[in-house]
Amino acid sequence: MSAADRVEISPALKLSGDVSVPGDKSISHRLAMLAAIAEGTTTIQNFAASADCASTLECLRRLRASVRREGATLTIEGRGLQGLQAPSQDLDAGNSGTTVRLMSGLLAGFAFESRFIGDESLSRRPMKRIIDPLRQFGATVEARDDNFLPLKIKGGDLKPIEFKMPIASAQVKSAVLLAGLSAHGTTTVHEPLRSRNHTEIALAEFGARVHASANTIQVEGGYPLKGKQFYVPGDLSSAAFFLAAALAVPNSGIRLTGIGLNPTRTGFISLLIAMQAKITVGERSIAAGEPTGDIIAETSEISGIEISGSWVPNVIDEIPMLAVLGTRTQNGIRIRDAGELRSKESDRIFAVASNLRALGANVEEYPDGLFVPGRQILRGGIVDSFGDHRIAMAFAVAGLFAAGPVVIENPACVAISFPGFFEALRRVRS
Ligand code: S3P
């Protein structure tokens, strides 16, 4: 195994400094997709440096969208609601569930056929959840075993639907809303628990007729979107690794700058504050219709908590980090109602449990969660990323506060959301 196939993280004495993280991945996907079907030019600054978002851009280019990227700034000449064209090749979504699920919704409005493919991990992830509502709109969708990639979609002439989502998923909600943009009338979606609302916010920013109340969102089809300028806030899901690291490593204080603070995403901060973590949120402003601000975290004694029910969709991507941090709490962290974690880039319940055990920790695994008892000292050892960026980063943080070094095998996947992660981690340690 070559050096690039593994990274060793040794215990840190102290962490300090300011950190900025890439633009929010969820927001970046949405702004790029909507810009492609808007009228006029959209510029997006601080667009996510993320392999997943690059997959979205590549798919848009294959649909003949005009996408120019200079560093973190993107310029998209919108083609209008009906302006995308049949791709001459497959649309490769890579590792990105958001790309395939949201873009399937977008393409349901077009009469040509598109075929999505993806990497091994994405090819194992369930697509029935978007296939069902898109068929109700009248789109023709075919997939392997009616659930997996490759997935073919051919749409156009959609009738609006009222859809009651069986699971809490921002990706499913977004697929329905994006298809609703081209339906003949008003589409309504009801979600069982509140999930991230970046699609609703982005739609409103582009001038769509969208109405959101509690857990019901409506969009009117057939109205043009207008291109504009955006600045994407930093990704709280990437910031979470540095916040957790600062809490767990002695004598530390870290400031994360310009981070998105949308309340449908800030459960991680609320839960840590509820556990007596020293976390403060600084001055706030608005970017791309989304609240942003700086977050400061300092070394803390944290108590422990149970995370279940309506908390879960809000912190779904932060659960691996929370579980690892559980070893440093007084009373442990219990996670329930989070069976969705088994359908992410890896089976995150299994990945977290087996890596924690490899570092010498006790963990109880449930079908829908984990219990990580507190007051455990991780002894260090070798873990696997399972090809999952958030598993690689959560265990890199474990290496900072374990008793001995943690070696992470297959760490390159961090580029899915945060290509400069290991360099950023080196900069804050002394
Ligand atoms: C995302 C929604 C979440 C999240 C994923 C990004 C999005 O997935 O886990 O990383 O951008 O809408 P689900 O909506 O499937 O839970």
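Colleague: Which residues are around the ligand?
Modeller: This is a predicted model, where local features need pLDDT of at least 70, side-chain atom pairs need pLDDT 80 or more, and totals for chains, interfaces and linings use all residues. Residues are numbered from 1 along each chain as its sequence is written, and side-chain values use heavy atoms, leaving out hydrogens and water. Around the ligand we find Ser26, Arg30, Thr98, Ser169, Ala170, Gln171, Arg196, Ile316, Asp317 and Lys344.

Colleague: How far is a polar side-chain atom of Lys344 from an oxygen atom of the ligand?
Modeller: Look for polar contacts (N or O atoms within 3.5 Å; within protein, one must be able to donate a hydrogen and the other to accept it, and sequence neighbours count only if both atoms are side-chain atoms). Ser169 has a polar side-chain atom 3.0 Å from a ligand oxygen. For Asp317, an N or O atom of the side chain is 2.7 Å from a ligand oxygen. For Lys344, the distance is 2.7 Å.

Colleague: Is Asp317 buried or exposed?
Modeller: The relative accessible area of Asp317 is 12%. The cut-offs are under 20% for buried and over 50% for exposed, with partly exposed in between (1.4 Å probe, protein chains only). Asp317 is therefore buried.

Colleague: Which side chain makes a polar contact with the side chain of Asp317?
Modeller: Start from what Asp317 touches, meaning heavy atoms within 4.5 Å. Beyond four places in sequence, Asp317 touches Arg196, Ser237, Arg348 and Arg390. Arg348 is 31 residues away along the chain, yet the two C-alpha atoms are separated by 9.7 Å. At 3.1 Å, the side chain in polar contact with that of Asp317 belongs to Arg196.

Colleague: How much space lies in the largest cavity?
Modeller: A cavity is a set of points, on a 1 Å grid over the protein atoms alone, where a 1.4 Å probe fits but cannot get out; lining residues have an atom within 4 Å of a point. The whole structure has two cavities of 30 Å³ or more. The lining of the largest includes Asp24, His198 and Glu290. Volume is the space filled by probe spheres set on the points, which are joined across faces, edges and corners, and for the largest cavity this is about 40 Å³.

Terms used:
1 Å grid on protein atoms, 1.4 Å probe; cavity = no way out; pocket = protein on both sides within 12 Å on 5 of 7 lines; lining within 4 Å. Near = heavy atom within 4 Å.
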